[in-house]
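Have the model open while you read.

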Amino acid sequence: MSAFLPDIFSSSTPKWSKLNAAKKQSYFDILDTMFGPGYHQEVVIEASGAIEINSKNLKIKDQSSTYLLKKWKSNTPIEVIENSIETVKYLSNKGVQVAKPLFFNNKEFIFIYENEKWTCSHFIEGNYYSGTKVQQANIPITIAHLCDQFTTFPKKLYPSVQLEYDIDNYEQTLSKIENCKSEWDNVFGYSFSHLLKQSWGEIQSALEHLKSKSIDTGMVMPMHCDLHPHNFLFEEDKLKAIIDYDSVKLVPVGIALAFSTLKLCKQAMVYSEQQNPFELGQNFKEKLIQNLRTDCLGSDDFYTLAL
């Protein structure tokens, strides 16, 4: 089925590559400033070559350990970065598997260099969620437990950003896209334009489905709203960490859980097309709901919520 063809999230192996000499040299001053004089002489620096990962993240390996150095978007308020760090620290104390933040040489979690903001954490070695039988059995429970932690999240750590879901806005956006159909090849490139043309009828049908439904999207609360396959790291079938906590927003929890269910079940189908997608999705949803300890979900119509 075309719905289960691989996409940019389908690779289960992170892609990192060593920087060439010239590119590596461009980081010497900042590394020495962050970690101490001469630090750059001890390290291997790698960058991600995959478009689905923040390309400004660097993997730094010295003689004793490996770190992830994250460069934030220049317009990110420092309060947002501080909140993300405190969120990770809070969840770590609650037993959630995370990449713990680390101090820089200045004893701060945030380093500002030439007006750019950086953070550092332990680098977690592992592969992404691929939907093995063991992973399928365990990850709905993991997501339910993470959701439960956020239902008791301290108010002082609530994110400042709330995601809004507005059907009228969706309709206006699709109308604008349709009105410039003759420019799709130039705007999206031929491959994506061709896919969009093939799928346009289904997209419009999905919009009509949403317009016809009145659905309870669940409690609006802090939640990781981007739990796709590449935000789970595994060593074989053992979960090592859930990552990307800048994606914690105030969000209707039903939409966040349904989106995650859709992306993770699709990944399982990509790796094993012999499974029945309807049974897979139903089993995943039921296990997730059964393990939620709080009544925060609202509707269990994950098809509509995921749309």
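To compare directions, axes are lines fitted to C-alpha atoms, for helices over the stretch in contact, and angles run from 0 to 180 degrees between N-to-C directions. Contact means heavy atoms within 4.5 Å. Helices (H or I, at least four residues) and strands (E, at least two) are DSSP runs, numbered from the N terminus.

This is a predicted model, where local features need pLDDT of at least 70, side-chain atom pairs count only at pLDDT 80 or more, and totals for chains, interfaces and linings use all residues. Residues are numbered from 1 along each chain as its sequence is written, and side-chain values use heavy atoms, with hydrogens and water left out.

Let's take the sheet. Three strands form an open sheet in the order S7-S9-S10, with antiparallel pairing; strands pair if DSSP finds at least two bridges between them. S7 (127–128) and S10 (238–242) are the edge strands with a single partner each, so one side of each has no neighbour in the sheet. Asn 127 has Phe 234 in S9 as its bridge partner. Across S9 and S10 lies H4, running at about 135° to S9.

Now for H9. Buried means under 20% relative accessible area, exposed over 50%, partly exposed in between (1.4 Å probe, protein chains only).

| State in H9 | Residues |
|---|---|
| Buried | Pro 277, Leu 280, Phe 284, Lys 285, Leu 288 |
| Exposed, on the other side | Phe 278, Glu 279, Gln 290 |

The buried residues of H9 pack against H4 (133–151), H8 (253–271) and H10 (302–306).
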